[in-house]
Amino acid sequence: MRRSQIVSLLLAVIIGFGSLVGVIVAGWVPVLGVQLQGGVEVLLRPTAPADDEQLDRAIEIIRSRVDALGVAEPDITRQGNQVVVQLPGVKDKQRAVDLVGQTAELRFRPVLLTFNPFDEVDFSGAQQLAEAYNGSLHPESVDESDSGAAEDELVGEQEMTAQELLELIDPEAAAELDAESADAAAVDDTSETAGATDDAEAEEIDPSDIGSEQILDFTAPEDDLADWAVLLPGRGEPVGYVLGPAELTGEAVSEAAATFNNEWVVNVDLTDEGAVGFDQIAARYFGQQVAIVLDGVVESAPVIRAAEFGGTAVISGTFDEEGARDLAVALRFGALPVVFEQDDVRTVSATLGEGTLRAGVVAGIVGLIIVGIYMLVYYRLLGIVAVASLAISGSILWSLISWLGESRGLALTLAGTTGIIVSIGVQVDSNIVYYERIKEEVRRGRAIRSAADASFRGAFSTIVWADLASLIGAGVLYQLTSGTVRGFALYLGLATLIDLAVSYFFMRPLVVFIARKLVNEEPRRLGVLGGTDDAATAAAVTGGAT
Amino acid sequence: MISALRTFYRGENSWDILGVSRKVLVGSAVAVLICVVALFVRGLNLGIEFEGGSVWEIPIPASAQDADGDAASGSAADGLTTDDIAAAAADAGVPDARVQLVTVTGSENIFRVRGVLGPDVSAVEVNAALASAADVDVESLSTRQVSPSFGDEVAGKARRALVVFFVLIALYLWFRFEWKMSVGALVAVVHDIVLTVGAYALFGFEVTPATVVAFLTIMGYSLYDTIVVFDRVKSNERSLPARSHFTYAALANVSLNQVLTRSVNTSITSVLPVLSMLIVGAGFLGAGTLSEFATALLIGLLAGSYSSIFVAMPTVAWLKGYEPGWAAAQVAADAAGRHDSMEAATQALAAENYTRSAPPRPRKPRRSRNQRRR
């Protein structure tokens, strides 16, 4: 046995089981898809053609809404011009479907109060103000608000944690806090937030003082109604806003662009109707802040500096280039929001999901055991290699799926599971092709130890060519389809690649090892019947033809 | 029978597989014909993913079920029947809903309601109505709503992927082997797909994306099997001296016999997990999607193993028979009164392989060059 083969055998075992141990130690497990653990899956298609920028913005909006649902592994991806939203394990399925389908609207709302969202006293004061305001706006709701349930309708509870708010304000600082809070260390310099508006009220906050899991009761997405006062967080600044009913919507905007003129500003062009409406607002709130709100987040809250605008407005402030561009995109998006049609809505109950998962797992294990037994009975010692190859492939696949789930949020779907069960067949077949070649050579009278080595080249070529056909299939399907079929193609392709690697780096050296050390030139140990000496084998060869 | 198995296990089989295939192919042709007719007459029972519409799955706990579990008559909990559920659906705004009692397992039954939402009916209301009719929690329902246009798109995409796949595979086999083998492989794959799809039409199984996945798997397996067979034929053809002592059919026959053990074993090991999926997964634990999938796979796998031996290779042998060299060999064999020159091929191959593999380090390239010069 050549040294390189021993090395490759050892490496295969180390990589195979090492990765499995690594994944287990890291606590990674495969993320289960909607069909396997229950949840919601929605396929959205824009009713009108939308460009990339708009779709990306829409996805961002959906993502932030979904965060409010507290889903562990939301998966929101674009496939062509469609958006696939997968929310495995989501509790309130109907609410999830509604939220995902809602059209985002850009609204101009007057600012009633700004407050420090990390200060509980400030927060409850702001809540009371919003409730009082709504009470006067909608007196009919006050009658019911005696009961606790109705109160939720005034200011709904969005279960946003302080950590999530921080991410909205300053993603970098949030990530830092997340990391630091794990170490239980205090930090002072995480409050470097990018000031975006001309509002200087932003206080220095020290996020390390607050628990990142503190719940902040901002207005829930479904309660963010145009004619109610709401409590919303700001983007890029640690400020909470109490906002009055919307005065104007994004329809008023015809165009918005970020330009550099000594500093970054956003130029806004208004439609003819919008210009009239905007001037009305300007007159009423002169000197006060008016918030630009896109889907529950205050993008900016500039102070109105003129009483009349005449169709164009300039928003200036301490923008950096990115901030200005983001605001311009938000305004443009608001002018022409992407309206989605729900092409395919699927909810799976947790029990059905679990049942399917259990069925799949049990079926997979039973299938593996039966195949293992068959291989052991038929190929004897070589059957051990087949079982070991399956174990190595299995652990590599498990690690890979866990890693994909952890790093990419890629869920293991039902179709993916079947792809894997199918790949058991492919893996075992590679073994069979090789073993049959060995047996053939041995029947012809070749010594087993040399047959094991010599048969591999021909067998591996067959395996490669056949696997290549599988890979072509998987590649085409992955590229040209979506949803179920795509998931299947992905896992079939992965499993096929693993099969190739395991065949070459693990199966071959192990077979050679067994042929040299354990078989002792007794073909029976490989399940080869017939003569053991050359004369008998020769007789078998010619005997078969007569 | 036992002796045949023994011969097989010892690898001593040298059966006239091509000869057998001529008889078997009649059966194949009849089966394909039946499937095509079924496809046209009965059509496919397309799932909502392709047609649009709505599906509700309502689990009924077994505790609420009649002791004798008269699932066959379509009733489950407390005498709750499919008709009751259909009536509830109609009241909620889903007229003409089709209700089935689909899965019967140890723990629960599932009413499956399929229909189209009436105009101005929200899915939420129907969810609530169905849940209260069956006296279960709304959250335990599984639902799905698909818009009609979406189905067209899915089907269109699948069709396009299939065409691209066929073209690429044909080119691949042409590049790797020869175009006649591309034809053989595609004929075999089409044969398998027609049989599987035909079975779906015959039994009225619902075609879902999972089924499409199954069809694709079948194609993959079938091709894989076929490539293994072709690979052997090609390598045998290359290693033979260019003496026309035997026909292409004989060469094919010998090669088929050589890979038969592999084909049978691979089929068995591929079918075992699928059978386990069908029996354990679907039978005992009750997962509808799994059982549909497994059924399609099982039919397709068996068809695939069969076709790689009995359809793909005979097609290639038939096409090759028209090549001048092989045609001459056939004429010579007929003239000598040897309709079957398999024996000669077996011996020539055995001798050739034997000498080739006997030296400790066979140098294949040089040898083959010498042969060509001869």
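In chain A, the loop between strand S8 (230-233) and strand S9 (240-243) holds A:Pro238. Please keep in mind as you read that this is a predicted model. A:Pro238 has a relative accessible area of 4%, and it counts as buried because that value is under 20%.

Let us turn to the charged side chains. How many salt bridges does the structure hold over all chains? There are 24. Three of them are set out here, with the gap between nitrogen and oxygen.

| Salt bridge | N to O distance |
|---|---|
| A:Arg78 and A:Asp52 | 3.0 Å |
| A:Asp344 and B:Arg144 | 2.3 Å |
| B:Arg176 and B:Asp231 | 2.7 Å |

Consider the pair within chain A, where A:Arg78 forms a salt bridge with A:Asp52. A:Arg78 belongs to strand S3 (residues 75-79) and A:Asp52 to helix H3 (residues 52-67), so the bridge ties together parts that are 26 residues apart in sequence. Both partners fall in the middle class of accessibility: A:Arg78 is partly exposed at 29%, and A:Asp52 is partly exposed at 47%.

Which chains does the salt bridge of A:Asp344 and B:Arg144 join? This bridge joins chain A to chain B, because A:Asp344 lies in strand S16 (residues 340-348) of chain A and B:Arg144 in strand S5 (residues 142-146) of chain B. Are these two residues buried or exposed? A:Asp344 and B:Arg144 are both buried.

Finally, back on chain A, you will find a negative surface patch made up of A:Glu60, A:Asp320, A:Glu322 and A:Asp326. One of its members, A:Asp320, sits in the loop between strand S15 (312-315) and helix H11 (321-335). With a relative accessibility of 40%, A:Asp320 counts as partly exposed.

Notes. Residues are numbered from 1 along each chain as its sequence is written. Chains are lettered from A and ligands numbered from 1 in the order in which they are written. This is a predicted model: local features need pLDDT of at least 70, side-chain atom pairs count only at pLDDT 80 or more; totals for chains, interfaces and linings use all residues. Side-chain values use heavy atoms; hydrogens and water are left out. Patches are made of residues with over 30% relative accessible area and no salt bridge: like charges are joined within 9 Å, nonpolar side chains (Val, Leu, Ile, Met, Phe, Trp, Tyr) within 5 Å. Accessible areas come from the Shrake-Rupley method with a 1.4 Å probe; for residues, only the protein chains shown count as cover. A salt bridge is a side-chain nitrogen of Lys or Arg within 4 Å of a carboxyl oxygen of Asp or Glu. Lys and Arg count as positive and Asp and Glu as negative; His and the chain ends are not counted. The place of a charge is taken as NZ of Lys, CZ of Arg, CG of Asp or CD of Glu. Helices (H or I, at least four residues) and strands (E, at least two) are DSSP runs, numbered from the N terminus. Buried means under 20% relative accessible area, exposed over 50%, partly exposed in between (1.4 Å probe, protein chains only).
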